[in-house]
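Reader: I have a structure open and I'm new to this. Can we go through it together?

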Amino acid sequence: MAIKAVKGVKDILPADIGKWRAVERAAREQFARFGFKEIVLPIFEKTEVFTKGVGEETDIVQKEMYTFEDRGGESITLRPEGTASCVRAFIEHSMFHPPGTVTKLFYMGPMFRRERPQAGRFRQFYQIGAELFGSAEPEADADAIHLLHLFITAIKIKGPKLMLNSLGCEECRPPFKAALVDYLGARKEHLCEACQGRWERNPLRVFDCKVEKCQDVMKDAPTIDKHYCPACAEHFSKVEKRLTLLNIPFTVNPRMVRGLDYYTRTVFEVTAEGLGAQNSIAGGGRYDNLVKSSGGPQVPATGFAVGMERLMESIGGELEMESGAPDVYIVFMEEAADEVCRIAGELRQSGIKVERAYKPAGIKNQMGKAGNSGARFALILGADEMAKKTAVIKDMKTGEQSAAPLDAVAADISKKLH
Ligand SMILES: [Zn+2]
Ligand SMILES: [Zn+2]
């Protein structure tokens, strides 16, 4: 019996990689426009990076992490998200020096969560993430959202919708939480089992509960927008104004709280059409206290992450992809093997993509393969050609053929391609 991949994990096959790389390329282009630099983070970290960074109370930490003791007895976790790692690296490498520095980072790569496998959810999944450290200004929130908006537009996401909210600050969130706890306390018997266990400690989480009776309870729950302190109200209205100036459509949703503990003020989420209930493709927000609570100085920050798998499913148009097709397919007879070796070598050394058989079958069979490969030219070295010390160059689009002396073939093809 052949061994199969672990449940909830999948291969990204060569047939899908063109689209995948096109998405990554579009992201890199937008990151460059906004001055974000790439950081490559480790795939595993000390477990505390996530228990502290993501939050003990979150589903991620409580139920979904791949945590194990390594051979030295240290608790290690495969990263379930990127922000906590990025914050760890930001602090470790003192990227906050000198004070007032703005640091813009992005990363791409696999994340790991042991979720129940279902449509569009994987246990190893890929994210593109961005973090902007060092600015508490609404301009920074607007920049992060604008970047995400341009990226999503560039890759032709179907029916994208941006939802926006502010979760307030340490001044205005506690009174809101207290009002919410009062409200939930009076209705606790109507909550699902999970929410009955968390409404007091973590009332905001009930907004995210997918159980219908909890959603019913939350319809009339108090919302944060009635509790903003003047500074939070001003910050949020400035973010809204900037998004309007940038022509970015959005909806304010005061019930959107996002699943993580570290957010402060602006949070946002992008959904796409045609994905069913799990329709969120990107999300993020401001986290002004996470750097400090992770052991660094007080540095405000904002960021977002995009989930590759769902993104790939919600692309609604053709993306410009790099062709995997060869430039030249060499069709030849055994007698020409030495010439083919030399010519293919010369072509590849000059940057041309070449495909060839290692053991040639009949000319007709090889011409079929040349056609299927999508090559721009077929280079033919049959018995006739060898006798005349020439090769035939066939343009696979027009069918036009020309002959060239063997020692001029590579130069000739180079010229035709450029
Ligand atoms: Zn506030
Ligand atoms: Zn619930």
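Reader: Which residues coordinate the zinc ion that is ligand 2?
Author: This is a predicted model. In it, the zinc ion (ligand 2) is coordinated by the SG atoms of Cys192, Cys195, Cys209 and Cys214, at 2.2 to 2.3 Å.

Reader: What arrangement do the four donor atoms around the zinc ion (ligand 2) make?
Author: The arrangement is tetrahedral, because the angles that the four donor atoms subtend are 103 to 115°. The cut-off used here asks that all angles lie between 85 and 135 degrees.

Reader: What's the ideal angle for four tetrahedral donors?
Author: The ideal is 109.5 degrees.

Reader: And how are the donors of ligand 2 spaced along the chain?
Author: The spacing is C-x2-C-x13-C-x4-C. Cysteine 192 sits in the loop between helix 6 and helix 7 (193-198), and cysteine 214 is in helix 9, so this pair ties together parts that are 22 residues apart in sequence.

Reader: Are cysteine 192 and cysteine 214 buried or exposed?
Author: Cysteine 192 counts as buried, at 9% relative accessibility. Cysteine 214 is buried too, with a relative accessible area of 0%.

Reader: OK, ligand 1 now. What coordinates that zinc ion?
Author: The donors of the zinc ion (ligand 1) are the SG atoms of Cys169, Cys172, Cys229 and Cys232, at 2.2 to 2.3 Å. Their spacing in sequence is C-x2-C-x56-C-x2-C.

Reader: Which parts of the chain do cysteine 172 and cysteine 229 link?
Author: Distant ones: cysteine 172 is in the loop between strand 7 (161-166) and helix 6 (173-185), while cysteine 229 is in the loop between helix 9 (212-218) and helix 10 (230-245). The two are 57 residues apart. Both cysteine 172 and cysteine 229 are buried.

Reader: What about the angles around ligand 1?
Author: The four donor atoms around the zinc ion (ligand 1) subtend angles of 102 to 118°, which makes that arrangement tetrahedral.

Reader: Change of topic. What does the domain assignment give?
Author: The assignment gives domain 1 (14-172 + 228-313) and domain 2 (328-413). Note that domain 1 is written as two segments.

Reader: How many Å separate the centres of the domains?
Author: The centres of domain 1 and domain 2 are separated by 50 Å, taken over C-alpha atoms.

Reader: Now charges. How many salt bridges does a search of the whole structure find?
Author: The search finds 20 salt bridges. Side chains of opposite charge can pair when their charged atoms come close.

Reader: Which residue does glutamate 29 meet in a salt bridge?
Author: Glutamate 29 meets arginine 33, at 2.8 Å from N to O. They are separated by about one helical turn, because they are four residues apart in helix 1 (residues 14-33). Glutamate 29 is partly exposed, with a relative accessible area of 44%, and arginine 33 counts as exposed at 53%.

Reader: What about aspartate 59? Which residue does it form a salt bridge with?
Author: Aspartate 59 forms one with lysine 63, where the closest N and O atoms are 3.9 Å apart. Both lie in helix 3 (residues 59-64), four residues apart, which is again about one turn of the helix. Aspartate 59 counts as partly exposed at 30% relative accessibility, and lysine 63 is exposed with a relative accessible area of 59%.

Reader: Which residues do salt bridges with shared partners join into one network?
Author: Glu45, Arg88 and Glu92 are joined that way. Within that group, glutamate 45 and arginine 88 have their closest N and O atoms 2.8 Å apart. This pair links distant parts of the chain, with glutamate 45 in strand 2 (residues 44-46) and arginine 88 in helix 4 (residues 83-92), 43 residues apart. Glutamate 45 is buried, with a relative accessible area of 6%.

Reader: Last one: what's going on with arginine 310? Where is it found?
Author: Arginine 310 is in helix 12 (residues 308-313). Arginine 310 is buried yet has no salt bridge. The nearest side chain of opposite charge is glutamate 115, 6.2 Å away. The limit for a salt bridge is within 4 Å.

Reader: Which backbone oxygen lies 3.5 Å from a polar atom of its side chain, then?
Author: For arginine 310, that is the backbone oxygen of glutamine 278.

How values were computed: Residues are numbered from 1 along each chain as its sequence is written. Chains are lettered from A and ligands numbered from 1 in the order in which they are written. This is a predicted model: local features need pLDDT of at least 70, side-chain atom pairs count only at pLDDT 80 or more; totals for chains, interfaces and linings use all residues. Side-chain values use heavy atoms; hydrogens and water are left out. Donors are N, O and S atoms within 2.8 Å of the metal (3.2 Å for Na, K and Ca); water is not among the atoms, so sites may look incomplete. Four donors count as tetrahedral if all angles lie between 85 and 135 degrees; four count as square planar and six as octahedral if opposite donors are over 155 degrees apart and all others between 65 and 115; anything else is irregular. Buried means under 20% relative accessible area, exposed over 50%, partly exposed in between (1.4 Å probe, protein chains only). Domain bounds come from an automatic or database domain assignment. Lys and Arg count as positive and Asp and Glu as negative; His and the chain ends are not counted. A polar contact is a pair of N or O atoms within 3.5 Å; within protein, one must be able to donate a hydrogen and the other to accept it, and residues adjacent in sequence count only if both atoms are side-chain atoms.
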